[in-house]
Amino acid sequence: MAKHALVIVESPTKAKTIRKFLPQTFSVEASMGHVRDLPQSSADIPEKFKKEDWAKIGVNIAKDFEPLYVVPKGKTKVITGLKRKLAGADELYLATDEDREGESISWHLLELLKPKVPVKRMVFHEITRDAIDHALKDVRDVDLRLVRAQETRRILDRLVGYTLSPLIWKKIAYGLSAGRVQSAGLRLIVQRERERMAFQGATYWDIAADLKKDSVFKSRLVSVGGARVASGKDFDETTGKLKPGKDVRVLGQGDVEELAGKLRSATWKVVSVEEKTFNQRPSPPFITSTLQQEANRKLGLSAREAMRIAQRLYEEGLITYMRTDSPNLSSEALGGARDAVVSLYGKDYLSPEPRQFASKAKGAQEAHEAIRPAGGRFTHPKQAGLSGKDQALYEMIWMRTVATQMAEARKLSMSVRIDCRLASRLETNVAGAGIAGFSATGTRILFPGFLRAYAEGSDDPEAALEEKEVVLPPLKEGDVVTLEKLEPLSHETKPPARFTEASLVQMLEKEGVGRPSTYASIIDTIVDRGYVRKVGNALVPTFTGFAVIQLLEKHFQQLVDLGFTSKMEQSLDEIAEGSLEWLPYLREFFLGSTGLQEQVKKEEKLIDPEASRTLDIFHLDGVKVKIGRFGAYLVKESGKKGDDHVHASIPEDIAPSELSSEKTKELIDASEKGPQSLGKHPSTGEEVYCLTGRFGPYVQLGEVTDEKPKPKRSSLLKGMEPKALTLDQAVQLLSLPRELGIHPQTLKPIVANQGRFGPYVLHDGDYRSIRKDDNLFTIDLKRALELFAEEKKGRRGAAKPHRELGAHPEDGKPVNIYDGKYGMYVKHGATNATIPSDIKPGALTMPQAVELLQERSKKKRGRRK
């Protein structure tokens, strides 16, 4: 009689995919993620431990750092179901992910289920028939070294967070916190902002010339009188002056204008032509960090979005495991990629030998293969049955993998030097300059090779080929070229660019901070806690983020030191390898003579709360920047008796590097003068004020009184300047929201208002942005109805459905599936309902969708009650 086996994985999607490749006697169940964790709040602590001080941390330090594990809410039912399934099984297979986190989930399942049947740990890096067959034959025990490394990481994070956070609450503001890895990441962002604050700009000029010899090509002034013309790299970022030892000539506006006048009548002659052929190799296949970077640059996905989609692709059997720092490709993958090259591009595009890539990461602790299409025959993106972001990410992974086995691109670079002999000498800064030197460079693709499949920075390889080529006409030494156009150009040096998600992940990886599974959570955490805000793609630190890093640098410098944080990651790797004992390491880190516990006791006495709430990097003419419960504000001694200080809120949209002396004076002056009335409201007779708060400038009707603690307010529209605001404009703003009329079909009101993303019209929970050529204060009901009749648009253009289900059986309105920030959801009108992870979006039926939408509507009504 065949044995019945129970296989446990993390998610229903993974269970559904793996079930196709297992024998009939196997059943597959999902643990729905983690089944045990440290308590998240006091409510999670079991009753018998509530009086224990250590239970608040969830780690019994006195008992060799014994963790207190609890089953999260909602998981008891899952565990009960697994126990029931296990009771009828002859074997248990634990098939959670192959990294430390997956190993830890398997161990926790063993602890909770206490199986009395044989237990086998099966691991695989892709969900294909061959991979599952191999995993079934090559089973092992749960690796307790990996479990211990993951547990040690969890304990370290808890000790740092729960020890430092209460201290930061007391010394800066309640609700703030610090973390082991994210604080080091935050420090990188703060340091970059400091560099921007220290930056001193410089202005320099040069000349661009369009020249012609058979065809027109572009060139730029590079030298005058034998001296090189200064460019941005020659200036010191902190002084705005030339770097020491730079033998260059800095041109001003007058210099280039006089020089341009002479050049227009001069002779232009080619004095040198250098040609060089070179080869360009394809980039390595994706690892976690490079996938997140490229998904951010090319697809506009956050690190979290990229990993969520990649997880889905992995669980559906389309790609290999997505948490890895190894670019290695298996022989199966090499064969699949090379077959795809020959099939799609021909043998001429195949690399002579299989191309492998070595890992640069020290102590790689995740899966041991790159992120690539699953199996030995790669599913073509057009045949994968995907759409939207899933399609875009899979196609990017597919193209990058295939490109690794393609021939190198061959290119020809051409560098041309053109001298222009001036008829007479100049009388300005460039006096004595008889010859002006210009340079033109070009690159021509001789053989595209891998660029046919994958071109960095473009989703269209064919279009990217044209962008990568700058073709110069055939030129040789002695050729005379003619001047077509001459343009003096002004340049300003730029401050260091702020980090984006892509560049931060790149830096974290380079410095060894965090691991593939933690990059997304680092960014999410510092944004969610209000230490960083996203402005476009840029990560901008807030003043609160500055204050936290300032305290940590002064009193716990080691915890934000990149080298120390990297060394901790290496120690965790060593614990996973079995070369380092976890308990002595934890004792030394927390209880040692220089351990965290001792540091906190010592430093807490030395930390002055007032100094911690004051940012000492700002020097603004006697004005201090402080952090309070509601954010950052300015403080200035007024000199008036009985009123020692003037306070002014700093609007949240002002970045630390943008807080200039002029802006500070403007905020202080406005606060010092107090509310200045723009006049009386024509309807109510109340004074109308223009004020500035933490969310920026706004207008207010009347003053704050006991009878009227919250007077009517409205934020200024984008582009409005408080100084230039008129009473009529303020009255218009206070008229918002405007009711435009009643929708003829629903008989519900339509209103016009402004919000975080600009002006909009609203009807029954459905928002539509008002176009630039429409006016918020004059738009009428007819125009609003036109906007609602159009296809809805998102912030990145039309929000295209992942799948259209059809018309709702009750009202005929469309029911569509969308891919949102938190996963797949079904939408009908203003109601959105999350699609459970055990239902594949492609298999969702209309009756199922209607049921999900009805349940969601009931919950919304329940909350209103």
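Helices and strands here are DSSP runs numbered from the N terminus, with at least four residues (H or I) for a helix and at least two (E) for a strand.

Before going on, a word on where this comes from: it is a predicted model, in which local features need pLDDT of at least 70 and side-chain atom pairs count only at pLDDT 80 or more, while totals for chains, interfaces and linings use all residues. Residues are numbered from 1 along each chain as its sequence is written, and side-chain values use heavy atoms, leaving out hydrogens and water.

Back to β28. Strand β27 (residues 758-763) pairs with β28 in the antiparallel sense over four bridges; two strands pair if DSSP finds at least two bridges between them. Opposite R768 in β28 stands V761. Two residues lie between the strands of this hairpin, and D764 takes a positive phi near 50° there.

Now for a sheet. Four strands form an open sheet in the order β2-β1-β5-β6, with parallel pairing. β2 (26-30) and β6 (119-121) are at the edges with a single partner strand each, so one side of each has no neighbour in the sheet. On average, neighbouring strands are turned by 25° against each other, direction ignored. Further in, β1 (residues 5-9) and β5 (residues 91-94) pair in the parallel sense over four bridges, and I8 has L94 in β5 as its bridge partner. Helix α3 (residues 100-113) packs on the sheet and touches β1, β5 and β6, where contact means heavy atoms within 4.5 Å. The direction of α3 makes about 170° with that of β6; axes are lines fitted to C-alpha atoms, for helices over the stretch in contact, and angles between N-to-C directions run from 0 to 180 degrees.

Next, salt bridges: a side-chain nitrogen of Lys or Arg within 4 Å of a carboxyl oxygen of Asp or Glu. The structure holds 49 of these salt bridges, including the ones below.

| Salt bridge | N to O distance |
|---|---|
| E10 and K14 | 2.9 Å |
| K85 and E29 | 3.8 Å |
| D97 and R323 | 3.8 Å |

How do these residues sit, buried or exposed? Buried means under 20% relative accessible area, exposed over 50%, and partly exposed in between (1.4 Å probe, protein chains only). E10 and K14 are both buried. K85 is partly exposed at 43%, and E29 is partly exposed at 24%. D97 is buried at 5%, as is R323 at 14%.

K85 lies in helix α2 (residues 76-87) and E29 in strand β2, so their bridge ties together parts 56 residues apart in sequence. D97 is in the loop between β5 and α3, and R323 in the loop between α9 (303-315) and α10 (331-345), so this pair links parts 226 residues apart in sequence. Through shared partners, salt bridges join E10, K14, D97, D99 and R323 into one network.

Last, a pair of helices. The axes of α16 (residues 562-577) and α17 (residues 582-591) come within 10 Å and cross at roughly 160°. That makes α16 roughly antiparallel to α17, a label for angles over 145 degrees. F564, M568, S571 and I575 of α16 make the contact with W582, Y585 and F589 of α17.

Technical notes: Angles under 35 degrees count as roughly parallel, over 145 as roughly antiparallel, 65 to 115 as roughly perpendicular and the rest as oblique.
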